[in-house]
Amino acid sequence: SEQQQVTCYHHNDANNEWIVKKIRNKKSSESPESDESSESFNNKTDIEFIKNNDVIRLLHAKTGRNLHSHQVKAPVTKSQWEVSCYGNETVGDSNDYWIVEVYDDLNVKTDRVRSLTTRIRFRHKVHNCYLRAANVVLPQWGFKQTEVTCDKRNNPKDVFTHWNIERHWNDKLPPGGKSHYKSRFFNDFWHLNVAMYTTNNALVPDPDKDDILASSPRQWPIMEVGLRMCSWADNAVKYYLLGNPFVWLPGTASLVLYLLVLAWYIVRRQRQYRDLTPAQWDHYLYIGKVCLVGWFLHYIPFCIMGRVTYLHHYFPALYFSILMAGYIGDHFTSKLNKKFKDIIFGISYLLIVGVFLYFKDVSFGITYPSKEYKSRKWFSTWNIAD
């Protein structure tokens, strides 16, 4: 229809704000342009709370246009009607009218709309369709935001047609106390996890753009990539997200080595060899449960996500691999002379500190042209130098 676009967006800004208005009076429906504004009408009356089955208009605060739907197919979901913004305070038609249906309230049984706790549905007065925002992402012209439609189906349990008032202002009302908004823990737990899941899955890679920052999970354990931060101009201070190779790579190797040694011990135990005491064997298995399973649970989810991924997503799993590296080092040196063991660990500490100092500019800032850092580009896949 080329009317003002309406989308949903996973962040909070002023474009989320709407003004609740009465429907136009009889005179205005015959001549919308001569309508007496509902603002001046409300100033002559007391507070009226919105209740179940009330008919309202929603005026977009920033643009002054009415939430609107009509018999035009939605841009992506063709089986549903388009939702747009149309007209203004005085110009409009009956396609701007929405019937409020109270679905439920998290705290009390009521037919009145309360902010935060009441779930409501908006039914279009003319077309009997429901305002809906599912996980359908608009193309680039819609900035990859969520499509809003008017669904002809009436499914009260469709959570994508459930809405709530996040914030509300009215100078005639007293401030809302915290006691009015207490909610059940498991309800909040479920809601927040669904919100995080939905938001993460909405961050899909754009096939039309080459994202130099994005990387795939398979590249993280072998330190195949780094991540440029801030501007990369020659005269800018540049930062490059890159781990210490002498920490990162042994951590990954220790995970593989643990499994190989575990298999070796299991085979030998089947042949009645006892390389470890029962306490040592229990400790070895315990480390596997903590470090190996911990690494797996923090790494694998990113392999099955549809969202765009970056190097910093590996950091929680990285901690577990570092712990595993420390244990494997201790395990293989446990039978050595204490002095010799101290020498091995001392050399390891010196190497870690030395490698950090060698790459310190990526952390403290590269103040010179990045091409001068080319000699420290250990892997061809590091885009640290142009």
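Visitor: Let's open with Glu 224: is that residue buried or exposed?
Guide: First, a caveat: this is a predicted model, where local features need pLDDT of at least 70, side-chain atom pairs count only at pLDDT 80 or more, and totals for chains, interfaces and linings use all residues. Residues are numbered from 1 along each chain as its sequence is written, and side-chain values use heavy atoms, leaving out hydrogens and water. Here buried means under 20% relative accessible area, exposed over 50%, and partly exposed in between (1.4 Å probe, protein chains only). Glu 224 has a relative accessibility of 16%, so Glu 224 counts as buried.

Visitor: Which residue does Glu 224 form a salt bridge with?
Guide: A salt bridge needs a side-chain nitrogen of Lys or Arg within 4 Å of a carboxyl oxygen of Asp or Glu. With the closest N and O atoms 3.2 Å apart, the partner of Glu 224 is Arg 218.

Visitor: How many salt bridges turn up in the whole structure?
Guide: Side chains of opposite charge can pair when their charged atoms come close. One example is Lys 338 with Asp 342, at 3.1 Å between the closest N and O atoms. Searching the whole structure gives a total of 18.

Visitor: Which helix holds both Lys 338 and Asp 342?
Guide: Helices (H or I, at least four residues) and strands (E, at least two) are DSSP runs numbered from the N terminus. Lys 338 is exposed at 60% relative accessibility, while Asp 342 is partly exposed at 43%. They sit four residues apart, about one turn of the helix, and that helix is α7.

Visitor: How many disulfides does the structure hold?
Guide: A disulfide is a covalent bond between the sulfur atoms of two cysteines; the cut-off used is a pair of cysteine sulfur atoms within 2.5 Å. Cys 129 and Cys 150 pass, with their sulfur atoms 2.0 Å apart, and both are buried. The count is one.

Visitor: How far apart in sequence are the parts that this Cys 129 and Cys 150 pair ties together?
Guide: The torsion about their S-S bond is about 90°, so the disulfide is right-handed. Cys 129 lies in the loop between β8 (118–124) and β9 (130–132), and Cys 150 in strand β11 (residues 149–151), so the pair links parts separated by 21 residues.

Visitor: What is the closest cysteine sulfur to that of Cys 8?
Guide: Cys 8 is partly exposed, with a relative accessible area of 23%. The closest cysteine sulfur is 12 Å away, too far for a bond, and belongs to Cys 85.

Visitor: Where does UniProt place the transmembrane region feature?
Guide: UniProt positions use the numbering here, feature names are shortened, and annotations may be inferred rather than shown by experiment. In the model, residues 246–266 are 100% helix and 0% strand, with end C-alpha atoms 30 Å apart, and residues 342–359 are 94% helix and 0% strand. The unreviewed entry lists 246–266, 286–308, 314–330 and 342–359.

Visitor: Which helices are included in what covers the buried residues of α6?
Guide: Helix α6 (residues 315–333) has 19 residues and reaches 27 Å from first to last C-alpha, close to the expected 27 Å; that expectation is 1.5 Å times one less than the number of residues. Its buried residues include Ala 317, Leu 318, Met 324 and Tyr 327. Their cover includes α4 (245–270), α5 (278–304) and α7 (338–358).

Visitor: How far is the C-alpha of Gly 294 from that of Tyr 319?
Guide: Gly 294 lies in helix α5 and counts as buried at 8% relative accessibility. Gly 294 also touches Lys 289 and Phe 320, not counting residues up to four places away in sequence. Gly 294 and Tyr 319 are 25 residues apart along the chain, and their C-alpha separation is 9.2 Å.

Technical notes
Contact means heavy atoms within 4.5 Å.
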